[in-house]
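Subject: A structure for you to explore

Hi there,

I'm passing on the structure we talked about. Please open it and keep it beside this email while you read.

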Amino acid sequence: MDQKQLKQAVDKRRTFAIISHPDAGKTTITEQLLLFGGVVRSAGTVKAKKSGNFAKSDWMEIEKKRGISVTSSVMQFDYDGKRVIILDTPGHEDFSEDTYRTLMAVDSAVMVIDSAKGIEPQTKKLFQICKMRGIPIFTFINKLDRDGREPLDLIAELEEVLGIEGYAMNWPIGMGKGFKGIYDIFNNRIELYRSEAEGESFLELDDNGEIKGDHPLKQESIYQQVLEEIELVKGAGSTFDEAKIAQGKLTPVFFGSALTNFGVKTFLDAYLQFAPKPAAHKTEAGDLVEPDAPEFAGFVFKIQANMNPNHRDRIAFVRICSGEFERGMDVTLERTGKKLRLSNSTQFMADAREIVETAVAGDIIGLYDTGNFQIGDTIYTGKKAVKFEKLPQFTPELFVHVRAKNVMKQKSFHKGIEQLVQEGAVQLYQSYSTGDYILGAVGQLQFEVFQFRMANEYNSEVVMEPMGRKIARWIDPEQLDEKMSSSRNLLVKDRQGNPLFLFENEFSERWFKDKYPDVKLTAKL
Ligand code: G4P
């Protein structure tokens with residue numbers, strides 16, 4: 001590709017993460033979007049969950065069992081001249097760290113909210129993570145075919161709880177059994193609710209925003225009510241501001257019903273109009289790597305072992321930030337300075353994977369990994385070394401002792417722990433005094449997934465003894481005296497051998513600080 005072709009290819013990319021709390025409809029929307037892209041030919045795979053036929057984006061056994069997604073997956077399709085790349089995120093807040101890493105690899109986010117539930121505590125946490133990243137956020141309020149909360153309420157809550165302005169791109173006309181459609185403020189039309197078989201149906205609006213000509217809807221009280229609400233929203237609500245959207249300060253809000261595929265296309269069309277193309281990425285040195293820069297550079301934001309249990313493979317997910325990826329190319333792995341040949345690479349189409357020959361900024365590729373990569377690694381071509389900004393690590397708050405149930409099976413136990421820790425599924429520590437293994441996590445479910453995957457993927461039953469909530473604080477090795485360790489502040493080392501204390505509670509941390517006023521403790525390394 002020459003420079004012009006590269007730029008054209010990059011400008012077509014729209015890479016986003018889809019976030020929601022479990023059950024809001026993230027999977028259903030994703031399925032519908034894939035359908036528009038012609039990727040999945042039959043809808044309703046989500047609905048078939050109960051019959052044991054799962055949504056294509058759900059891979060793992062545990063996800064099927066619990067009906068939540070605990071890993072992120074990647075899907076892509078072409079639509080309206082654009083290449084749309086969707087990164088699914090785990091809905092559960094216990095996997096916020098995974099979600100955050102995924103958000104580092106995208107240029108915008110789509111937040112799905114259940115209209116009956118509004119902003120749930122989990123949505124709030126996920127959203128805060130989204131906000132920390134400062135990328136545009138688009139909101140889809142789902143399940144309008146069911147009775148939910150008042151739209152004015154929902155937008156007010158969004159603004160209040162999440163601290164972001166909401167701009168209604170459309171407005172629901174009724175809900176539940178009385179759902180008539182959406183008043184599309186942005187496109188100045190009404191989209192009538194209909195069964196899928198009936199196809200799309202729009203009503204034109206006149207200059208006053210009223211339905212042109214005669215239509216039975218005009219006689220219904222809900223219609224008048226919606227006109228009043230829209231007056232209110234237009235008068236008192238936020239104004240549409242592209243700059244604010246780009247900064248993540250204003251979220252365009254769409255209403256719809258993913259299950260009946262209503263409002264999803266309208267959403268997708270508007271989304272593609274305003275979603276940003278791949279942005280420049282910052283290096284640790286503070287330079288910006290432009291997406292159409294000629295040299296290839298990208299970073300690993302996720303590692304996933306055993307995505308396909310039959311193949312026992314391990315895949316490093318790479319977000320391309322600049323240049324052109326070509327299969328078989330040689331790159332430098334920044335962390336080690338080693339050269340690697342990228343011959344075994346893949347792209348993701350729902351559950352299918354295709355060998356990828358070329359890719360550009362915005363694309364996500366999967367590299368089959370034999371243990372070369374770690375989360376956060378930068379790979380690049382060219383003479384000048386590139387190192388992208390560090391991916392943030394959340395400090396674990398929950399800890400368990402862990403050991404193999406069967407002492408004869410140490411080998412599989414160690415292999416499993418090593419691989420799952422490299423994935424970032426849990427953090428591993430070792431007690432200074434006894435050498436015992438300790439796992440740390442942000443949320444309890446991470447341990448459950450770990451235990452399940454150890455048994456399932458590594459044939460290693462593990463015993464976990466909860467240690468409860470602890471405060472992890474790193475200490476400068478120069479200042480460390482092993483005698484400082486006690487039952488209230490257990491001394492452990494992390495995977496890199498750095499010493500840290502696990503404090504029982506804030507009180508014990510304060511007590512320690514009083515006793516050793518010169519010792520510096522840090523929450524993160
Ligand atoms: P998630 O990925 O965010 O966890 O949600 P998912 O898409 O799996 O949807 C959760 C449930 O909500 C599914 O029901 C799905 O069919 C339903 N759902 C999604 N969108 C809509 C919508 O627009 N309207 C209605 N009425 N339902 C919707 P399920 O798997 O059958 O489980 P359940 O119905 O027993 O809870």
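Below is what was found in it, from the whole protein down to a few single residues.

**The protein as a whole**

Please keep in mind that this is a predicted model. The protein has 525 residues, and 55% of them count as buried. Its secondary structure comes to 12 helices and 31 strands. If you take the contacts with a separation of 6 or more, 69% of them come from residues 24 or more positions apart. The protein exposes about 23300 Å², and carbon and sulfur atoms supply 46% of that area.

A reminder before the sheets: strands of a sheet pair through backbone hydrogen bonds, either parallel or antiparallel.

In what order do the seven strands of the open sheet come? The order is 2-3-1-4-5-11-6, and the pairing is mixed. Strand 2 (74–79) and strand 6 are the edge strands, and each of them pairs on one side only. From one strand to the next, the twist averages 30 degrees.

R14 has V84 in strand 3 as its bridge partner.

Two helices lie across strands of this region. Helix 4 (residues 96–104) lies across strand 1, strand 3 and strand 4 (108–114), and runs at about 165 degrees to strand 1. Helix 5 (residues 121–133) lies across strand 1, strand 4 and strand 5 (137–142), and runs at about 165 degrees to strand 4.

Another open sheet has four strands in the order 7-8-9-10, with antiparallel pairing. Strand 7 and strand 10 (202–204) are at its edges with a single partner strand each, so one side of each has no neighbour in the sheet. Ignoring direction, neighbouring strands here are turned by 25 degrees against each other on average.

Strand 7 and strand 8 are antiparallel and pair over three bridges. You can look for W171 there, which stands opposite Y183 in strand 8. Helix 7 lies across strand 7, strand 8 and strand 9, at about 165 degrees to strand 7.

**A closer look at helix 7**

Helix 7 (residues 221–236) has 16 residues, and at 1.5 Å a residue they should span 22 Å; the end C-alpha atoms are 23 Å apart, which agrees.

Which residues of helix 7 are buried? They are I222, Y223, V226, L227, E229, I230 and V233. These residues cover an arc of only 165 degrees around the axis, so they sit on the same side of helix 7. On the other side of helix 7, S221, E228, E231, G235 and A236 are exposed. The cover over the buried residues of helix 7 includes helix 6 (151–162), strand 6 (165–168), strand 7 (171–173), strand 8 (181–184) and strand 9 (189–192).

**Two residues with positive phi**

K143 is found in the loop between strand 5 and helix 6. Its phi is near 70 degrees, a positive value in a residue other than glycine. Is K143 buried or exposed? Buried means under 20% relative accessible area, and K143 has 18%, so K143 counts as buried.

N261 is found in the loop between strand 11 (250–255) and helix 9 (264–274). The phi of N261 is near 55 degrees, again positive in a residue other than glycine. N261 counts as buried too, at 10% relative accessibility.

Enjoy looking around!

Best wishes

Methods. Residues are numbered from 1 along each chain as its sequence is written. This is a predicted model: local features need pLDDT of at least 70, side-chain atom pairs count only at pLDDT 80 or more; totals for chains, interfaces and linings use all residues. Side-chain values use heavy atoms; hydrogens and water are left out. The expected span of a helix is 1.5 Å times one less than its number of residues. Buried means under 20% relative accessible area, exposed over 50%, partly exposed in between (1.4 Å probe, protein chains only). The arc is that of the directions from the helix axis to the C-beta atoms. Contact means heavy atoms within 4.5 Å. Two strands pair if DSSP finds at least two bridges between them. Axes are lines fitted to C-alpha atoms, for helices over the stretch in contact, and angles run from 0 to 180 degrees between N-to-C directions. Accessible areas come from the Shrake-Rupley method with a 1.4 Å probe; for residues, only the protein chains shown count as cover.
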